[in-house]
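Reader: I would like to learn how to read a protein model. Where should I start?

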Amino acid sequence: MQAPQFYIPIDTEISQFLLHLRTHPRTILSAKFGDGKSYFLDKFAKDSAVEEEFKIIKIYPINYQVVGDNDIFTLLKYDVLLQLLVENMVGDQTIHGVFDGQKDGAKILTALFDGFAKVDPSPKAQIPAATLKLFKSIACISEKRQIWGGGNRATRTLLQKLEKTSPLYLEDPTTKLIRQSLDDWRKHNGKKVVLVVEDLDRLDPMHLFRILNVFSAHMDYIYRNGDTPTDTLVGSRFGFDSIVFVLEYENLKRLFTHFYGDETSFDGYISKFIPRGFFTYSLRKSANSFFFENISRITGVDQAHVSILLDLIIKDLSLRDMAYAVKDVEAQVSLHSEPARNYDFLLMVAIMVRLGMGTTSIINACELLFRKDPIAFVRYIIDFTYLEGFSDQKGMLKTDATTMYYVSGRSYIDGSADIGRISPVPDNMRELEIQQFVTRLLGYVLP
């Protein structure tokens, strides 16, 4: 049976986070690693109600090669600008408004090329075509003013010089372009713009706190200008309406204590970022139920029985584990159903293997299911008796000294076996040995 797409309905959670975002200009989206935070944000950004009100811009600091706080700020601003360009949110008039008065176009261009390359260091990465508009506009401005000068000096030197002229608390041309682009885009579209800082859980603690400290400096920047952060001025020097940090809150707390010591106040530190609290995202119960439903569709095993078979490991599974377990699982078995035969329980065994269950664990799970519902277990496996080595009699299973089950007919719906029972049973038939049976099944699961 073809596996359905692993799509978990999250409409309720999207609605709840939308309400949260309306009242929390700075927040943390908190969930355990592997529980689908990025999946949730992708669906959230594409929701029609969200799209009417917000524009979501994402950056991924995991790609940065960073050293110091100033370097992080430099990479942050280039990453933000790059995403705005990709989303076509930087207009020609805005570019001219920012750069018409500049006399260092060559240096700025060099710094932009260098910065865009660093935010995605993949050797296959290419600067998007959308950035050409920016480069052409700056070059055109420079040529008109006859200030385009020979720029053969090292890019690193030019970047360092540019940063020295525009330290953290001064508004350099790139940051000004970001702020002005956001202002102009909001005027034309009537939406708020949200910056989502993704994958912070994947950073080592030093880089994680450096990034948070840069945003802390952004908030200090507001006070230095004599302003007070409000709902419309959330302390982001870039000018976003809201900022969402994506990581597990409790893990951040543990890292902070380890990094700064027990005597340092985490509450005081984090209150700068999320003064109104954070949003906890958890789909564990819904995900488990949906996972069991998917497996049931693929294997024909009842959801309650799937729960029994996976009871020992389900609490440790991430959404990624679940999605991987059911995707194209048919390709991992070397035995497929014949006419009037149902071997789909083999897919259940293959899923258990994918989830990291060893032979002993799979045998124990099957024995548990047999004890709780012997007729159901026999129905799942009885067609395997038609294969060599699985039973003394085709279509029959002797389960104890007094009971033998057999195929009495077929379901008109799915072709599964109807089970009859005979008692007494022949003495010369072997009783079902689940350990041996499961071991033979595992022989049909490809590595």
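Author: Start with burial. A residue counts as buried when its relative accessible area is under 20%, and as exposed when that value is over 50%; partly exposed covers the values in between. This is a predicted model. Of the 447 residues in its protein chain, 49% count as buried.

Reader: What does the accessible surface of the protein chain come to, and what share belongs to carbon and sulfur atoms?

Author: The accessible surface is about 22000 Å², and carbon and sulfur atoms hold 49% of that area.

Reader: How many helices and strands does the protein chain have?

Author: There are 19 helices and eight strands. Five of the strands form an open sheet with parallel pairing, in the order β2-β3-β4-β1-β5. At the edges stand β2 (54–59) and β5 (279–280); each has a single partner strand, so one side of each is left without a neighbour in the sheet.

Reader: How do I read the pairing of two strands, say β1 and β4?

Author: Two strands pair if there are at least two bridges between them. Strand β1 (residues 26–30) and strand β4 (residues 242–246) run parallel and are joined by four bridges. Within this pair, Ile28 has Phe245 in β4 as its bridge partner.

Reader: Now a single residue. Is Thr299 buried or exposed?

Author: Thr299 has a relative accessible area of 4%, which is under the 20% cut-off, so this residue is buried. Thr299 belongs to helix α13, which spans residues 284–299.

Reader: Which residues does Thr299 touch?

Author: Leaving out residues up to four places away in sequence, Thr299 touches Asp344, Phe345, Leu347, Met348 and Ile351. The Thr299 side chain reaches the backbone oxygen of Ile295 at 2.8 Å. A polar atom of that side chain of Thr299 also lies 3.1 Å from the backbone nitrogen of Val301.

Reader: Which residues make the nonpolar surface patch?

Author: Met206, Phe259 and Tyr260 make a nonpolar surface patch of about 270 Å². Tyr260 is part of helix α11 (residues 249–260).

Reader: Why does Tyr260 count as partly exposed?

Author: The relative accessibility of Tyr260 is 34%, and because this value falls between 20% and 50%, Tyr260 counts as partly exposed.

Methods:
Residues are numbered from 1 along each chain as its sequence is written. This is a predicted model: local features need pLDDT of at least 70, side-chain atom pairs count only at pLDDT 80 or more; totals for chains, interfaces and linings use all residues. Side-chain values use heavy atoms; hydrogens and water are left out. Buried means under 20% relative accessible area, exposed over 50%, partly exposed in between (1.4 Å probe, protein chains only). Accessible areas come from the Shrake-Rupley method with a 1.4 Å probe; for residues, only the protein chains shown count as cover. A polar contact is a pair of N or O atoms within 3.5 Å; within protein, one must be able to donate a hydrogen and the other to accept it, and residues adjacent in sequence count only if both atoms are side-chain atoms. Contact means heavy atoms within 4.5 Å. Patches are made of residues with over 30% relative accessible area and no salt bridge: like charges are joined within 9 Å, nonpolar side chains (Val, Leu, Ile, Met, Phe, Trp, Tyr) within 5 Å. A salt bridge is a side-chain nitrogen of Lys or Arg within 4 Å of a carboxyl oxygen of Asp or Glu.
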